[in-house]
Amino acid sequence: MARRRARPSTSCSSRSRSSSSGAAAPREPGRRARCLDRREPKLAERLAAACPRGIDVYFENVGGEVFEAVVPLLNHHARVPLCGTIASYNEDAPPPGPNLLPKVMSVFQTKRVRAQGFIILDHYGARYDAFRRDMDAWVAEGRVKLLEDTVDGLENAPGAFIGMLQGKNVGKLVVRVSEG
């Protein structure tokens with residue numbers, strides 16, 4: 001398979017709440033970024049407008065409406081790492097409506113999409129020390145930005161956990177039990 005030339009990229013991500021300044025994401029040199037609130041109406045239309053050239057890589061950890069909006073926008077030879085489908089974790093039965101699996105499979109086949117599930121533990125072991133060294137350096141250099149929501153007090157942990165499952169946090173959720 002021939003490699004495609006690199007091109008300017010647009011980073012599109014969905015999130016569960018808008019920032020106080022709207023839906024703009026931090027700007028990085030050479031990149032255009034847009035964040036979309038998945039709870040606002042017409043996600044599929046807004047995503048299509050935000051990604052007019054389609055989607056080359058989609059990190060799947062949500063499922064549900066977000067995945068349904070992404071699938072038609074996947075470009076030929078797109079890549080989809082499958083990490084989880086949190087939108088369906090608490091379902092007791094399949095959602096009502098038509099079975100979308102044949103449509104998804106058709107898009108994946110005709111566009112030659114590569115999807116691969118992974119469990120993070122499959123990729124560590126002997127490589128963990130190198131990963132830790134590189135990631136620490138990238139964070140220190142500002143090449144990787146960490147996002148955290150911090151909640152104070154162990155008594156607030158249950159509410160914070162429920163909020164996390166409802167998409168009310170941004171990045172990693174941390175419960176601080178004491179100053180330190």
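## The overall fold

Read along the sequence, the pattern of the protein chain is β-β-α-β-α-β-α-β-α-β-α-β. That makes five helices and seven strands, where helices (H or I, at least four residues) and strands (E, at least two) are DSSP runs numbered from the N terminus. The model you see is predicted, so local features need pLDDT of at least 70 and side-chain atom pairs count only at pLDDT 80 or more, while totals for chains, interfaces and linings use all residues. Residues are numbered from 1 along each chain as its sequence is written, and side-chain values use heavy atoms, leaving out hydrogens and water.

How much of the protein chain counts as buried? Of its 180 residues, 22% do. Here buried means under 20% relative accessible area, exposed means over 50%, and partly exposed is in between (1.4 Å probe, protein chains only).

## Aromatic rings

Let's look at the rings next. A pair of aromatic rings is described by the distance of the centres and the angle of the planes. Rings of Phe, Tyr and Trp (its six-membered ring) pair if their centres lie within 6.5 Å; planes under 30 degrees apart count as stacked, over 60 as edge-to-face and the rest as tilted. By this rule there are four aromatic pairs. One of them joins Phe59 and Phe118, a tilted pair with 6.0 Å from centre to centre and 55 degrees between the planes. This pair links distant parts of the chain, 59 residues apart: Phe59 sits in the loop between β3 (55–57) and α2 (64–70), and Phe118 in the loop between β5 (114–117) and α4 (128–141). Phe59 counts as partly exposed, at 41% relative accessibility.

Tyr128 and Phe131 form a pair too, and it is tilted because the ring centres are 6.4 Å apart and the planes stand at 40 degrees. Ring pairs also link Tyr58, Phe67 and Phe108 into a cluster.

## Helix α4

Where do Tyr128 and Phe131 lie? Both are in helix α4, three residues apart, which is about one turn of the helix. Tyr128 is partly exposed at 36% relative accessibility, and Phe131 is partly exposed with a relative accessible area of 32%.

Helix α4 has 14 residues and reaches 20 Å from its first C-alpha to its last, close to the expected 20 Å. The expected span is 1.5 Å times one less than the number of residues in the helix. After α4 comes Gly142, whose phi is positive, near 85 degrees.

## Salt bridges

Now for the charged residues. Side chains of opposite charge can pair when their charged atoms come close. A salt bridge is a side-chain nitrogen of Lys or Arg within 4 Å of a carboxyl oxygen of Asp or Glu, and the structure holds seven of them. Among them is the one between Arg46 and Glu40, with the closest N and O atoms 3.9 Å apart; Glu40 is partly exposed, at 36% relative accessible area. Another joins the side chains of Arg133 and Asp134 at 3.4 Å, N to O. Arg133 is exposed, with a relative accessible area of 54%, whereas Asp134 is partly exposed at 31%.

Arg176 is partly exposed, with a relative accessible area of 33%, and Glu179 is exposed at 66%.

## Two buried asparagines

Is Asn75 buried or exposed? Asn75, which lies in strand β4, has a relative accessible area of 17% and is therefore buried. Its side chain reaches the backbone oxygen of Arg53 at 3.0 Å.

Asn169 is found in the loop between α5 (157–165) and β7 (172–176). At 16% relative accessibility, Asn169 counts as buried. A polar atom of the Asn169 side chain lies 2.8 Å from the backbone oxygen of Gly171.

Notes: A polar contact is a pair of N or O atoms within 3.5 Å; within protein, one must be able to donate a hydrogen and the other to accept it, and residues adjacent in sequence count only if both atoms are side-chain atoms.
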